[in-house]
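Subject: Handing over the structure

Hello,

Here is the structure I promised to pass on to you. Have a look at it first, and then read on for my notes on what turned up.

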Amino acid sequence: MLRALSRCHDPVFRLLAPRSTVLVETVRGRKSRTDPKAKSKLGRIKTPPPVDPVEMVVLKERFTEYNLILRALRLEFKEQVLRKKYEDEVGSAAEERAKREAEEHRSLMAWNDAENLRLRKIREQRVQKEAEEAEMKRREAVLLRQQELENYIKEKERQIIQLQEEAKDFITLDNLDQRIEEALDNPKNYNFAIDKEGRIVKRTAFQ
Amino acid sequence: MVKKKRLRLIAEMARKIRAYRELKNRPQDSQRYALDYDTMTRPFTGKKLPVLAWKDVQRETRLFSLLSGMRMFGVGRLFTRKSWLDEHTEPCYWKITKVKVDYTAENMDHGKAWGILTFRGKEEPAEREVDKVMYHDWRLVPKHEEEVFKHCEPVPEPPVRYVKYPPLLRAMILAQQAKQLGVDASTIPEPSLPLKRDVLLNYEYFRSQDEKKQEGTPV
């Protein structure tokens, strides 16, 4: 009797559901948790808002019902999701899918190998051609060089012969006197005149 | 690369010393839970107790206030809490097995206790530290009333309740089942939601479900 009375008239607030369904999370405004309380709040006594017991009982009942239903629904949905996951991994369709994927993979790999082979053949031919061309070029270059060497040698020999030819006319100590006499005997006149039309006149007013 | 961290050995040592001092100078239970009954503040932190607790604090007692006046500090006795008495019809009580009193308390009024909890008629197998010892909520069960108090008829658990689905979900489920079976939706029995299901959703469960589906109905 006493117990029942105490339950009706002295509800224990902290155990029952909150009156307002909106859950306002406490937010720390300016102060952090270590800041002391303001001096104006020294004698402050915080009284919670009064609660109507009848309303509270009704609300509590409704809330428990609501929570039970929601929990059951959540479990149902969770089961569906996990079942789907299970089907995906270990289901009946999973093995066929795996087989099909393996088949696809094998065919694709085969196609890939064929492509590689074909391209390799083409590449080899191309490489061969290029090698041959390079070989040809090298040979030609060698020939050219040889040719140039020979030309050069010939040129040099010609120059030597020409020099030899000229050496015959050089002035040496033996010919010195003779040549001096000759030079004095035949004075050469290098002066000439030219007019605007380009006519050259060799005969000038000189000895 | 990051610059080489400077080894602050003295700071490290200071930190260790501070931690050690904090450990050594921990506030005793009697200090932490001392209460000024006139202003309803705890002198240690300076905080005030919430208003709704004032009535209980003035009327009821702490566990150790009761224990300090008993032989052997109430080892082997049963203690209930007023909040349990209000909430639950089944008996809930602590049977004290071990008591460690705070020697700094004046009236040996604070400390720690261990015991075996029986909550709503179901006894726990192991000994545990008593929770909320400092709450002004405790009541001693007199020796001559212990048997009467402990006596409880185990109320059988009510059968699982089935509830109707919410309307939209119900329509969706009926449509899906109709499509699967190829039958009109009105012929399908109403789907019901069990409010409690003790099932662990793992691969074993699904595999067993699959096997059951394959088996079908036994001949």
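Let me start with one residue: A:E79 is buried, as its relative accessible area is 11%, and the cut-off for buried is under 20%. Please keep in mind that all of this comes from a predicted model.

**Around A:E79**

A:E79 sits in helix α2 of chain A, which covers residues 53–90. What does A:E79 touch, leaving aside its neighbours within four places in sequence? Its contacts are B:R197, B:L201, B:Y205 and B:F206. One of these, B:R197, also belongs to a network of salt bridges together with A:E76, A:E79 and A:R83.

**Chain A as a whole**

Chain A has 4 helices and 2 strands. Read from the N terminus, its elements follow the order α-α-α-α-β-β. Of the 207 residues in chain A, 4% are buried, and A:E79 is one of the buried residues. The accessible surface of the chain is about 19900 Å², with 57% of that belonging to carbon and sulfur atoms. If you take the contacts in chain A with a separation of 6 or more, 34% of them are between residues 24 or more positions apart.

A:D177, A:E181, A:E182 and A:D185 make up a negative patch, and A:E181 is in helix α4, residues 176–185. The other patch is nonpolar: A:I171, A:L173, A:L176, A:I180 and A:L184 together have about 540 Å² of accessible area. A:I171 is in the loop between α3 (92–167) and α4, and with a relative accessible area of 53% A:I171 is exposed.

**Salt bridges**

How many salt bridges does a search of the whole structure find over all chains? The total is 25.

- B:R81 and B:D137 meet through their side chains, at 2.8 Å from N to O. B:R81 is in strand β1 (residues 78–81) and B:D137 in the loop between β5 (128–129) and β6, so this pair ties together parts that are 56 residues apart in sequence. Are these two partners buried or exposed? B:R81 is buried at 6% relative accessibility, and B:D137 is buried at 3%.
- B:R170 and B:E190 form a salt bridge in which the closest N and O atoms are 3.2 Å apart. This pair links distant parts of the chain, 20 residues apart, with B:R170 in helix α7 (residues 167–181) and B:E190 in the loop between α7 and β8 (192–194). B:R170 is partly exposed at 28% relative accessibility, and B:E190 is partly exposed at 40%.
- B:E12 and B:R15 are joined by a salt bridge, with 3.2 Å between the closest N and O atoms. Both are in helix α1 of chain B (residues 9–24), 3 residues apart, which is about one turn of the helix. B:E12 has 34% relative accessibility and is partly exposed, while B:R15 is partly exposed at 46%.

**Around B:R139**

B:R139 is in strand β6 of chain B, residues 138–140. With 35% relative accessibility, B:R139 is partly exposed. Not counting residues up to four places away in sequence, B:R139 touches B:E60, B:L66, B:L78, B:F79, B:T80, B:K82 and B:L85.

Most residues other than glycine have a negative phi. B:M40 has a positive phi, near 55°, and phi of B:M72 is also positive and near 55°. B:M40 is in the loop between α2 (29–32) and α3 (54–59) of chain B, whereas B:M72 is in the loop between α4 (63–67) and β1. Which of the two is buried and which is exposed? B:M40 is buried, with a relative accessible area of 2%, and B:M72 is exposed, at 68%.

I hope this helps you find your way around.

Best wishes

How values were computed. Residues are numbered from 1 along each chain as its sequence is written. Chains are lettered from A and ligands numbered from 1 in the order in which they are written. This is a predicted model: local features need pLDDT of at least 70, side-chain atom pairs count only at pLDDT 80 or more; totals for chains, interfaces and linings use all residues. Side-chain values use heavy atoms; hydrogens and water are left out. Buried means under 20% relative accessible area, exposed over 50%, partly exposed in between (1.4 Å probe, protein chains only). Contact means heavy atoms within 4.5 Å. Accessible areas come from the Shrake-Rupley method with a 1.4 Å probe; for residues, only the protein chains shown count as cover. Patches are made of residues with over 30% relative accessible area and no salt bridge: like charges are joined within 9 Å, nonpolar side chains (Val, Leu, Ile, Met, Phe, Trp, Tyr) within 5 Å. A salt bridge is a side-chain nitrogen of Lys or Arg within 4 Å of a carboxyl oxygen of Asp or Glu. Lys and Arg count as positive and Asp and Glu as negative; His and the chain ends are not counted. The place of a charge is taken as NZ of Lys, CZ of Arg, CG of Asp or CD of Glu.
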